[in-house]
Amino acid sequence: MIELIHHGAINGVTGSCHELRFLRPATKGAAPAVLSAPNAELGAIGGSLQGDRPRSGFREPAATPQAGILIDCGLFQGQEEARGSSAADLAIDFPIEHIRALVVTHVHIDHVGRIPYLLAAGFDGPIICSEPSAIMLPEILEDALKIGFTRDRALIHRVLDLIRARIVPLPYGRWHSVFEEEVGSLKVRLQRAGHILGSAYVECDAVSGSGAERIVFSGDLGAPHSPLLPEPNPPERADRLVIESTYGDKNHEDRETRRYRLKAVLEHALEDGGTVLIPAFSIGRTQELLYEIEGLIAEFGDGAIGVSPQGDRPRSESLTWSNLEIVVDSPLAAEFTKIYRDLKPFWDDEARALVKAGRHPLSFEQLTVINSHEDHLNAVEYLAKSHRPCVVIAGSGMCAGGRVVNYLKAMLGDARNDVLFVGYQAAGTPGRNILTYGPRGGWVELDGDRYDIRAQVHTVGGYSAHAGQEDLLRFVEGIPQAPSEIRIVHGDEGAKRALQGKLRESLPEAAVVIP
C-alpha cells in the first residue's frame, strides 16, 4: 500500500514537504511510530536546531511505514504553518526513520530551508536533485544558516560538508533507483519544471504488493515563455498527481504585455527622480528581471525617461535607458547570477542565441552589484537623500528579511520612491502588508517599528516564476491519460478551490482533492 502525506503549510505556499510512504498494515500490539534519534555526527547542531520540544511523536498507527521518500523540506514564512511546525518552530515533527531519500525539486528556501533540521533529526539518506540544483543547494543553505541559525563558521561548514556528501546529482530524464526492499521498490526521474534554474518535477515509479503506479509531484511549475528557461512539458503518465496551485485562481499577463508594463512602470516611477525598489528572491526572479531589463536597454537605449521638474534633473537632461543605473544589492543574488551565467547549457534557445550574438543579459554595462555591508549602508543613505533615479533589486522577495528591509525603512516614507512587486506575497509577510495597505496610505511593521507608506506601490503580473491557472490546466490536461487522483497543494485556500473547480470540469473522471 502506498500513501501520500503532506507536511507543508496547511493553507499557503511555504514549508513545502511531501512524503511518499510504503505501508504494511499494523498488527495488533505493534509498536507505535517514533521520531528518529538526533544525528550524533552533528553534535551540538542537532540540539540547537531541534530545541527542547518533545521528540517522541508517538501515535498508534493504522499501518506501519516501511519505507518512503520526502519531496522537499522547506521553511515556513509569515503566518503559514503545518500541524506541528511553523516559522517560529521549524523542528521536524514527523517520523523519519523509514525515509530512504530526500528529493529536492528546486532550491528556493521554502522548499529546502529545513534540510539542516532534517539532518539534525537523524535523516541519513541521500539528497537527490538536478545537476544545477546540486551546485546551488549548499550556497542557499549557507546563507540560510548564517541568517537564521548561527554565525559560527566552523559549525556552518560542518553542516554544509555533510549536505555536500549526501547530494546525488541526477540528469534530467534519467531513472534512478532509490530502493528495492521486501515492501516494494521505488525509482525516480526528474523533468524540467521551468520554475528556476535546476527546478524539476518528480516522476516516481512505485511497485508494492498492491501493484505498480506512477506518482508525479509537480514541485513549482514555471510559466511558459519565462526568460531564460524552457517551459515544462507534461509527464507521459501520472496515475496520481500532486500539483501546486500558487496561482490556481488567476492567469498571468503574456510576456510582451508584462515586458512593456514593466517598462511603463519604471518610466513612470523614475519621472520624479526617485528610486524604484524591487524586492526579489536571489534565485530566479532576480536573473529574470535582469534579463528583461537588459532587453529594454538594448531596444530603447537612447530613448528618454523624462524627469519632471519636481526632480533635480531638467527635462532637457532626461535620463535615457542606456544610462539608467541598475543595482543588485545582494551578495547571494550576485553569486547565483554568476552561477546562472556558468550554466548556460541549461538556458533556453532564445537566451543562448542572445549570448551568441554578443549580448550579455546577466552582465551588462549599466549593472552595479553591491557586496559588502558597508557599501550597502552607503547606497541606502545616498539614494535616500539624493534625487538620483535608480532601480534597486534586493532580497528578500517577501520583505521578511535581507537588505531590502533597510531600503524600505529609509524610502517608504518618501513619495518620490516606488516599490514594485513582481511575485507572490505570503500572508503575514511585510510584502503582503505593503501591497495591501500601501495604496491606502497605511503603515507596515519592520523589525518591530512602524513605517508609514508614502511611496507608490505597483505590481506587474507575469514575473512570478509560477505557472498561472491556464498553464496549470494545460500541464494536467496534457497528460495522455488523466490521473485517477489529483491532489492540489501549495496555495491559498481560494486558489486551491478555484483550480479544483476547473479540473473537475475538464477531467470529470479524476478524483480532484485538497488534502
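Predicted model: local features only at pLDDT ≥ 70, side-chain atom pairs only at ≥ 80, totals over all residues.
**Ground rules.** I number residues from 1 along each chain as its sequence is written, and for side-chain values I use heavy atoms, leaving out hydrogens and water.

**Confidence.** I looked up the pLDDT, the predictor's confidence in each residue on a scale from 0 to 100, and found that the protein averages 87, with 87% of the residues scoring at least 70. Over residues 30-35 the pLDDT is below 50, and this stretch has 23 contacts in the model beyond near neighbours in sequence, a contact meaning heavy atoms within 4.5 Å. Residues 50-60 also have a pLDDT below 50, with 29 contacts beyond near neighbours in sequence.

**The sheet.** I took helices (H or I, at least four residues) and strands (E, at least two) as DSSP runs, numbered from the N terminus, and I let two strands pair if DSSP finds at least two bridges between them. I then found an open sheet of 7 strands with mixed pairing, in the order β7-β8-β9-β10-β11-β22-β23. Its edge strands, each pairing on one side only, are β7 (176-181) and β23 (511-513). Strands β7 and β8 (residues 184-192) run antiparallel and are joined by 5 bridges; E180 has S185 in β8 as its bridge partner.

**Helices on the sheet.** For directions I used axes, which are lines fitted to C-alpha atoms (for helices over the stretch in contact), with angles from 0 to 180 degrees between N-to-C directions. Helix α13 (residues 469-477) packs on the sheet, where it touches β9, β11 (240-244) and β22 (485-489), and its direction makes about 165° with that of β11. Helix α14 (residues 493-506) also packs on the sheet, touching β11, β22 and β23, and its direction makes about 160° with that of β22.

**E203.** Is E203 buried or exposed? I noted that E203 is in strand β9 (residues 200-208) and that it counts as buried because its relative accessible area is 1%, given that buried means under 20%, exposed over 50% and partly exposed in between (1.4 Å probe, protein chains only). Its side chain makes polar contacts with the side chains of R189, at 2.7 Å, and Q191, at 3.1 Å. A polar contact is a pair of N or O atoms within 3.5 Å; within protein, one must be able to donate a hydrogen and the other to accept it, and residues adjacent in sequence count only if both atoms are side-chain atoms.

**Cysteines.** How many disulfides are there? I counted 0 disulfides, a disulfide being a pair of cysteine sulfur atoms within 2.5 Å. The sulfur of C17 has its closest cysteine sulfur in C73, 4.3 Å away, so the two are too far apart for a bond.

**Backbone details.** L228, in the loop between β10 (211-217) and β11, has a positive phi of about 80° although it is not a glycine, and it is buried at 0% relative accessibility. H490, in the loop between β22 and α14, likewise is not a glycine and has a positive phi of about 55°. I also found a cis peptide bond from G395 to S396, with omega near 10°.
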